[in-house]
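Here's a quick walk through one model, taking in a sheet, a helix pair and a ligand site. Have a look at the structure, then read on.

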Amino acid sequence: MHLREDFFRHVAQTSPSPLALEFVKAEGSVLIDRSGKRYIDLISGIAVSNLGHGNKQIIDAIKNQADAYLHLMVYGEYIESPQVLLATKLASLLPPSLSSSYFVNSGAEAVEGAIKLARRYTGRSELISFYNAYHGSSTGALSIGGNEELKNAFRPLMPGVLNIRYNSIDDIQLISNETAAVFVEPIQGEAGIILPEPGFLSALRARCTETGTLLVYDEIQTGMGRTGKLFCFEHEKIVPDVLLLSKAFGGGMPLGVFISGTEIMSALTVNPVLGHITTFGGHPVSCAASLAALQQLTESSLIVRASEKEKIFRRKLQHPLIKDIRGKGLFLSLQFPTEEINKKVIHHCILNGVLADWFLFAPDCLRIAPPLIITEQEIENCCDVILDSLNQI
Ligand SMILES: Cc1ncc(COP(=O)(O)O)c(C=O)c1O
């Protein structure tokens, strides 16, 4: 086998220096490479494996659904029980105004769907989003992203997008009767975990209601228990008009969703019919896996324990080179004085069996987003490796 050579030769590369680790198995919070070396997963590949790897109920649900049927028809035409059961379960867990689920394949697609929905429903074209936001890599999602370096290489992008400052009450006034939607992460992820200041999200909610603008919460990273609540919006009890989920939502399978009320969602049903369609959106196997994941999250104490596990990280991770620990639940960021220190720590972690990573727009910050099932002992081990590395700098 020449897997390594063929990976570089035939698998399209996203950067000149991929990690190129080769794993043969993953179980619980651990990934195992070809030599048998074990790595604790501190990143969940990114914020996906919330229930850990090889979760039995998810695997059983996948196998049972694969035995019944795989793809039958493009999304929305046939009654496929995994989709219906999942949409019904979501409706039971969400406020009544979020009762209609449109399933897609990924996070970026959920964003694309929500862009079209908001424009179609409001009859307006302007979209507002935040500096340092990340909403995905497809053209529409990139257009509403908040990083100029990433966007500049691909211009011209979608027109009519305005970035404003996260946590700026002043900038909220730029939302007007011309704004179709505001896209916001209730905790900014790729910016290096930036928490909303008290009152910011409620002011945003109020301004959107005042101007008839749809408030879209991108919970693609923060959803599914990661922040110590099933959905991050529950922390402040602010209900968005549209909710986006993906990543951990699929239980390890590709799945995304944009969720709204039936009145708003009906804007995609007619004029034109089939105005938004997807072949594989809501794949039955992905929906079955998602339902199994949601059931476990809501029936176990995993979400509550995420906040307890956060405390262990905060207690253990004390060092003069740690400038800040930000975040909620198991959605945390460790900030170092420089990007170089972060790189050294990540390198040391990987050498010593801890999978660590940085953030797209915060290269001086280390990502802590392990599976929610991570044990206290595994947390202690990860923290020891991080501290060990800082002691050598
Ligand atoms: C907040 C947020 N939105 C959207 C996306 C895009 O999701 P995907 O990579 O599935 O397209 C991501 C991916 O990291 C994300 O973190």
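## Sheet, helix pair and ligand shell

Phe 23 stands opposite Asp 33 in S2. That pairing belongs to S1 and strand S2 (residues 30–33), which run antiparallel over 4 bridges; strands pair if DSSP finds at least two bridges between them. Bear in mind that this is a predicted model, where local features need pLDDT of at least 70, side-chain atom pairs count only at pLDDT 80 or more, and totals for chains, interfaces and linings use all residues. Residues are numbered from 1 along each chain as its sequence is written.

The open sheet has 4 strands in the order S1-S2-S3-S13, with mixed pairing. Strand S1 (23–27) and strand S13 (354–355) sit at the edges with a single partner strand each, so one side of each has no neighbour in the sheet. Strands (E, at least two residues) and helices (H or I, at least four) are DSSP runs, numbered from the N terminus.

Now the helix pair. The axes of H12 and H14 (lines fitted to C-alpha atoms over the stretch in contact) come within 10 Å and cross at roughly 30 degrees. The two are therefore roughly parallel (angles under 35 degrees). Residues in contact have C-beta atoms, placed from the backbone, within 7 Å.

| Helix | Range | Residues that meet the other helix |
|---|---|---|
| H12 | residues 302–316 | Lys 309, Ile 312, Phe 313, Lys 316 |
| H14 | residues 376–391 | Glu 376, Ile 379, Glu 380, Cys 383 |

By class, that contact has 4 nonpolar, no polar and 4 charged residues.

Around the ligand there are 15 residues, with Ser 106, Gly 107, Ala 108, Gly 136 and Ile 220 coming nearest; near means a C-beta atom, placed from the backbone, within 6 Å. Helix H5 (residues 107–122) gives the largest share of this shell, 3 residues.

Conventions: Axes are lines fitted to C-alpha atoms, for helices over the stretch in contact, and angles run from 0 to 180 degrees between N-to-C directions. Angles under 35 degrees count as roughly parallel, over 145 as roughly antiparallel, 65 to 115 as roughly perpendicular and the rest as oblique. Two residues are in contact if their C-beta atoms, placed from the backbone, lie within 7 Å. Ala, Val, Leu, Ile, Met, Phe, Trp, Tyr, Cys and Pro count as nonpolar, Asp, Glu, Lys and Arg as charged, and the others, Gly among them, as polar.
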